[in-house]
Amino acid sequence: MDITPTSPTSPPPEKQPPLAVDKTDLTKGKGKATRPGDRIFLGLSRGSGITLLVVMAAIALFLTVRAASALNKNTGNFLTTFEWNAEMPDPNFGIAVLLYGTVVSAIIAMVIAVPVAVGIALFISHYAPRAIASPLGYVIDLLAAVPSIIYGLWGALFLVPHLEGLYKWFDDYFGWTGILEYNDGTPRSLFTIGILLAIMILPIITSVSREVFLQAPKMHEEAALALGATRWEVIRMSVLPFGRSGIISASMLGLGRALGETMAVATVLSTSFDIQTSLLDGGGGTIAQNIASGFKEADDTGRDALIASGLVLFVLTLLVNGAARLIVARRKEYSGANA
């Protein structure tokens with residue numbers, strides 16, 4: 001093998017000239033869109049965001065102005081009064097019972113719906129055969145499209161008559177707590193509303209959770225299986241941590257519907273402005289139901305009072321969604337962004 005040494009005085013080999021890079025597009029505008037399509041898309045997206053903020057601000061301003069008119073005439077405490085007499089010469093109304101019923105019924109619905117929805121989503125995404133998973137997913141999606149009045153009619157005509165046996169069972173085993181004591185009567189209570197709302201929000205939470213679980217990295221699941229993990233261990237270590245923020249987001253969507261549900265609650269619940277110790281006793285009410293039931297017959301002051309209660313529901317929804325955003329932001333490692 002002939003190797004010819006290179007002379008120290010020999011000229012170095014010619015280097016290829018560097019590729020010319022046109023930096024015009026990189027520097028022009030300093031990161032701003034330069035193409036017409038980019039500028040149009042940027043303007044539309046920015047305008048959509050600004051429009052959304054303007055609409056939200058307009059709603060908040062309208063509710064605040066109308067609420068202030070009613071609160072100035074109210075002779076009672078709006079947050080603690082157990083009455084709703086907004087059409088009287090001396091209006092006396094409050095949302096204590098309505099706020100309690102709204103929060104309690106929504107909590108009951110979430111406690112029932114979230115575990116069941118997550119279980120169904122895991123079954124569809126990781127357990128069920130394709131021949132079963134696809135039709136079951138379609139049925140779940142169709143349930144989300146059922147009008148709320150249909151759920152209300154079903155609840156009033158079918159669910160309520162069939163809950164008496166369950167209420168007696170609760171009373172036999174858990175009546176000593178006072179919270180689940182049943183004193184006979186028609187089971188049109190906050191617990192019944194919670195069950196109905198759980199059925200209504202179940203499709204929303206299931207559908208979103210299912211799509212999140214299907215996006216879990218397959219390499220993580222296969223690696224866990226290769227190390228000898230069982231199916232449940234794979235789900236517990238890979239799928240659930242990946243979909244945690246998605247489950248929270250889905251739950252907040254369901255909670256938003258539970259807080260604002262109107263017709264189904266109005267069809268089933270017998271309104272009374274009393275806070276019952278037992279969740280199985282009839283009566284109670286929610287803010288949305290009270291607005292739907294009393295808006296048509298209310299006078300000007302009564303409508304402003306109902307709008308004031310709507311402002312409370314508006315603020316409550318914003319607080320719930322803000323809390324959900326904080327929870328998701330604190331758990332970015334589980335958001336799937338780095339998967």
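# Exercises on a predicted model

Isoleucine 149 sits in helix α5. The model it belongs to is predicted, so keep that in mind as you work through the tasks.

**Exercise 1. Describe the largest pocket and say which helix gives the most to its lining.**

Step one: get the volume, about 260 Å³. Of the 15 lining residues, Ile124, Arg130, Ala133, Ser134 and Leu214 are the closest to the centre.

Step two: sort the lining by helix. At least two residues each come from α3 (96–127), α4 (130–143) and α7 (190–214). The top contributor is α4, with six.

You get seven nonpolar residues, four polar and four charged.

**Exercise 2. Trace the salt-bridge network around arginine 210.**

Step one: find the partners. Arginine 210 meets aspartate 141 at 3.5 Å, N to O. This pair ties distant parts of the chain together, with arginine 210 in helix α7 and aspartate 141 in helix α4, 69 residues apart. Arginine 210 also meets glutamate 211, at 3.1 Å, N to O.

Step two: join them up. Asp141, Arg210 and Glu211 make a network of salt bridges.

Step three: compare the surroundings. Arginine 210 is buried, because its relative accessible area is 9%. Aspartate 141 is partly exposed at 33%, and glutamate 211 is partly exposed too, at 38%.

**Exercise 3. Explain how lysine 168 and glutamate 164 are placed relative to each other along helix α6.**

Step one: confirm the contact. Their side chains form a salt bridge, 3.6 Å from N to O. The count for the model comes to six salt bridges.

Lysine 168 and glutamate 164 are four residues apart in helix α6 (residues 164–174), so about one helical turn separates them.

Lysine 168 is partly exposed at 40% relative accessible area, and glutamate 164 is partly exposed at 35%.

Technical notes: Residues are numbered from 1 along each chain as its sequence is written. This is a predicted model: local features need pLDDT of at least 70, side-chain atom pairs count only at pLDDT 80 or more; totals for chains, interfaces and linings use all residues. Side-chain values use heavy atoms; hydrogens and water are left out. On a 1 Å grid over the protein atoms alone, a cavity is a set of points where a 1.4 Å probe fits but cannot get out, and a pocket is an open set with protein on both sides within 12 Å along at least five of seven lines; lining residues have an atom within 4 Å of a point. Grid points are joined across faces, edges and corners, and a volume is the space filled by probe spheres set on the points. Ala, Val, Leu, Ile, Met, Phe, Trp, Tyr, Cys and Pro count as nonpolar, Asp, Glu, Lys and Arg as charged, and the others, Gly among them, as polar. A salt bridge is a side-chain nitrogen of Lys or Arg within 4 Å of a carboxyl oxygen of Asp or Glu. Buried means under 20% relative accessible area, exposed over 50%, partly exposed in between (1.4 Å probe, protein chains only).
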